[in-house]
Amino acid sequence: MASPRPTTDELLEAVQEFLEKRIIKVLDSHRAFHTRVAVNVLALVRRELQLGPLLSSQEHERLRTLLGTDGSIAELNEELCRRLRDKSMDYRDGVLFHHLYETTTGQVSIDNPEYSGYRRALEESGQE
């Protein structure tokens with residue numbers, strides 16, 4: 001079965017480009033600013049659709065490994081918080097640090113991949 005065309009990403013990209021290349025330049029500064037915000041939201045949604053499922057799957061697996069139990073991501077995060085509150089898990093645990101680092105950088109890669117702290121973290125980890 002062929003993939004439906006255009007894809008969701010292609011549709012979002014078309015709207016994003018239309019706003020950026022044809023609309024923003026004919027608007028007054030106030031409306032251009034709000035249109036720029038809308039363009040940024042479209043870019044964020046596209047990254048969420050592209051990266052979100054894999055990042056969620058990786059977060060889920062790290063949580064299951066870290067906690068030695070299963071559940072939804074929300075349930076596992078609640079369990080992680082409970083263990084940190086009651087000190088049955090050490091916040092200095094290297095595996096916990098790795099999980100938090102990967103989860104945070106993954107979310108920033110969706111929210112704002114141009115964020116300077118994110119770019120520096122990638123450089124320091126050799127991922128870029």
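Predicted model: local features only at pLDDT ≥ 70, side-chain atom pairs only at ≥ 80, totals over all residues.
The secondary structure comes to 5 helices and 0 strands. Read from the N terminus, the order is α-α-α-α-α. The radius of gyration is 19 Å, while the globule rule gives 14 Å for 128 residues, so the chain is more spread out than a compact globule. Along the principal axes, the C-alpha atoms fill a box of roughly 60 × 40 × 30 Å.

Now go to the start of the chain. Before α1, which covers residues 8-23, comes a segment that holds P6. A cis peptide bond joins R5 to P6. Its omega is about -5 degrees.

Further along, look at the loop between α3 (73-85) and α4. K87 sits in this loop. K87 is not a glycine, yet its phi is positive, at about 65 degrees.

Next comes a pair of helices. Two packed helices are described by the angle between their axes and the distance between the axes. Here the pair is α2, residues 29-67, and α4, residues 94-111. Their axes lie 8 Å apart, at an angle of about 170 degrees. An angle over 145 degrees counts as roughly antiparallel, and that makes α2 roughly antiparallel to α4.

Which residues meet in this contact? From α2 come L44, R47, E48, L51, G52, L55, E59, R62, L63 and L66. From α4 come V95, L96, H98, H99, E102, T103, G106, Q107, S109, I110 and D111. By class, the contact of α2 with α4 has 8 nonpolar, 7 polar and 6 charged residues.

Rolling a probe the size of a water molecule over the atoms shows where empty space is left. The largest pocket has a volume of about 350 Å³. Its lining counts 20 residues. Nearest the centre of the pocket are L55, E102, T105, G106 and Q107. Among these, L55 of α2 also meets α4, and E102, G106 and Q107 of α4 also meet α2.

By class, the lining has 6 nonpolar, 10 polar and 4 charged residues.

Note on methods:
Residues numbered from 1 in each chain as written. Heavy atoms only, no water. Axes fitted to C-alpha atoms, helices over the stretch in contact; angles between N-to-C directions. Helix = DSSP H or I, 4+ residues; strand = E, 2+ residues; numbered from the N terminus. Parallel < 35°, antiparallel > 145°, perpendicular 65-115°, else oblique. Contact = heavy atoms within 4.5 Å. Nonpolar A, V, L, I, M, F, W, Y, C, P; charged D, E, K, R; others polar. 1 Å grid on protein atoms, 1.4 Å probe; cavity = no way out; pocket = protein on both sides within 12 Å on 5 of 7 lines; lining within 4 Å. Points joined across faces, edges and corners; volume = space filled by probe spheres on them. Rg over C-alpha atoms; globule rule 2.2 N^0.38 Å.
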